[in-house]
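Please read them alongside the sequence and the coordinates.

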Amino acid sequence: MEFKKYQHIEKIGNLEVEGILDGTVYLFYKIDGTNSQVFLKNDGTLGFGSRNREVTPDADNAKFAATFMDEAHKVEYNHVLRLLRDYPNYIIYGEWLVPHTLKTYSVDSWEKFYVFDVLDAKTGIYLPYEGYAQLLKKYCPELNVIPLLAKLDHPSVDDIKSKLQETGKFLCTSGLGEGIVIKNYAFVNRFGEVKWAKMLTEDFVERKKDTHQLNKQIKAGESEHSTEKGIIAKYLTIEHISKEYHKLCEKYGEAVLNARHLYELLNVVFHEFWADNWEIILKQMHMPTIDFKALKQLADAKVKQSLGF
C-alpha cells in the first residue's frame with residue numbers, strides 16, 4: 001500500500017456536495033488539528049502520512065510518525081499493525097491534535113490521533129461509521145474515534161446549523177468547536193466523486209482570521225528574537241506544559257485549572273523548562289546569547305496559547 005491523500009472536504013452549499021443532504025446523513029465533530037493517516041507499507045510495516053505526503057520520524061509532520069512509533073505507543077502500534085495486516089487495503093485517516101487556531105481543547109487531548117475515516121483503497125469505498133468504529137474497537141481499543149454527533153434523515157441546512165451549538169461538547173473546555181463534518185455514505189456527486197461536506201462555527205472562522213493576521217505580523221518580524229523563538233519551539237513541548245498543568249490541578253484539587261493560578265503556572269513551567277534543558281541548549285546551540293526577558297515572554301505566550309488562556 002502507498003500513501004493516498006485524503007479528500008478535500010467541501011463547504012456545504014458548494015457544487016461538489018450538492019445533494020449530499022438527500023438521504024441518511026451523519027454529522028461528526030470537526031476538530032482543529034493536522035490531517036494524518038496510517039497505512040500498511042509493502043514491507044509489512046506501518047506507513048504514516050500528513051495531508052500531502054508520506055512522513056517518517058526523520059521527515060515528520062508535528063511529530064506524528066515519531067510519536068506513533070515511540071516506546072510509549074508500542075501497544076497501539078502493534079494493534080494497528082495487526083488490523084492492517086488483516087485488512088491490507090485499508091487506510092486509517094484521522095486528526096493528529098496539535099495547536100492551530102483553536103486552543104480551548106483540554107490539556108490531555110493534545111498530541112493524540114483521532115480517527116474520522118477508514119478507506120478501502122482497493123474499492124475506493126469509505127467504511128460507514130458503524131463499521132469502522134466496531135472494527136477499531138475490536139483491534140485497537142486504545143485508539144480515539146471521533147464520535148457521531150447526530151444521524152439525521154434528509155436534514156435541511158438549518159437542521160445542521162442548529163447542531164453547531166453542540167460542537168463544544170467534544171474535547172473543548174469552553175466555547176464551541178471548529179464545526180461539523182457531514183457524511184452521506186450513499187452520496188456520489190455529479191462528477192462521480194465521493195465527497196463529504198463541512199459547516200464551520202462563526203467563532204472558529206473569526207479566530208482563524210485573527211490567527212492569520214497574527215501569523216502575518218510574526219512573519220514580518222520573524223528575524224527579531226530568532227534564537228529565543230527557536231529555543232521555545234524546540235524545547236518547550238506540549239508534554240512539558242501538560243505535566244506542570246496537571247501538577248497544579250492536583251495541588252489545588254481542580255479538574256480544570258482556575259485562571260487565578262495562571263501566574264504560578266507560567267513561572268513553574270518556565271523554571272522547570274529551563275532547569276531541564278539549559279545544559280543541552282547551551283551545548284547544542286554553542287553557547288548562544290539569550291535575551292531571557294524575551295525567552296520568558298515567548299514561553300508565557302506558548303503556554304497561554306496551548307491551554308487556551
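1. E10 has A197 in β12 as its bridge partner. The strands β1 and β12 (residues 197-200) pair in the parallel sense over 2 bridges; two strands pair if DSSP finds at least two bridges between them. Helices (H or I, at least four residues) and strands (E, at least two) are DSSP runs, numbered from the N terminus. This is a predicted model, in which local features need pLDDT of at least 70 and side-chain atom pairs count only at pLDDT 80 or more, while totals for chains, interfaces and linings use all residues. Residues are numbered from 1 along each chain as its sequence is written, and side-chain values use heavy atoms, with hydrogens and water left out.

2. The open sheet that contains β1 is formed by 5 strands in the order β1-β12-β11-β2-β10, with mixed pairing. At its edges stand β1 (10-11) and β10 (148-153), each with a single partner strand, so one side of each has no neighbour in the sheet.

3. I20 is located in the loop between β1 and β2. With a relative accessible area of 1%, I20 is buried (buried means under 20% relative accessible area, exposed over 50%, partly exposed in between; 1.4 Å probe, protein chains only). Leaving out residues up to four places away in sequence, I20 touches I12, V25, I182, N184, F187, K195, W196 and A197; contact means heavy atoms within 4.5 Å. One of these, I182, is 162 residues from I20 in sequence, and the two C-alpha atoms are 8.2 Å apart in space.

4. Helix α3 (residues 129-139) lies across β2 (24-30), β10 and β11 (179-183), and runs at about 50 degrees to β2. Axes are lines fitted to C-alpha atoms, for helices over the stretch in contact, and angles run from 0 to 180 degrees between N-to-C directions. P128 is found in the loop between β8 (125-126) and α3. This proline has 38% relative accessibility and therefore counts as partly exposed.

5. How do α2 and α3 pack, and at what angle? Helix α2 (residues 74-86) packs with α3 at about 125 degrees, their axes being 9 Å apart. That makes α2 oblique to α3: angles under 35 degrees count as roughly parallel, over 145 as roughly antiparallel, 65 to 115 as roughly perpendicular and the rest as oblique. The crossing of α2 past α3 is right-handed (left-handed if the near helix is turned anticlockwise from the far one by less than a right angle, right-handed if clockwise).

6. On the α2 side of this contact are H79, R82, L83 and D86, which meet L135, L136, K138 and Y139 in α3. The contact residues divide into 4 nonpolar, 1 polar and 3 charged; Ala, Val, Leu, Ile, Met, Phe, Trp, Tyr, Cys and Pro count as nonpolar, Asp, Glu, Lys and Arg as charged, and the others, Gly among them, as polar.

7. Is L83 buried or exposed? L83, in helix α2, is buried, with a relative accessible area of 1%. Residues up to four places away in sequence aside, L83 touches L135, L136, Y139 and C140. The C-alpha atoms of L83 and T201, 118 residues apart along the chain, are separated by 35 Å.

8. In strand β7 (residues 113-120), 8 of the 8 residues are buried, so β7 is largely enclosed by the rest of the structure. Strand β6 (residues 90-96) runs antiparallel to β7 and is joined to it by 7 bridges, with G94 opposite V115. With strand β9 (residues 144-145), β7 pairs in the parallel sense over 2 bridges; here Y114 stands opposite N144.

9. The pairing of β7 with β8 is antiparallel, over 2 bridges, and D120 stands opposite I125. These two strands form a hairpin with 4 residues between them, and G124 in the turn has a positive phi of about 75 degrees.

10. Helix α7 (residues 238-252) packs with helix α9 (residues 292-307) at an angle of about 75 degrees, with their axes 11 Å apart. That makes α7 roughly perpendicular to α9. I238, I241 and Y245 in α7 meet K302, V303, S306 and L307 in α9. The residues of this contact comprise 5 nonpolar, 1 polar and 1 charged.
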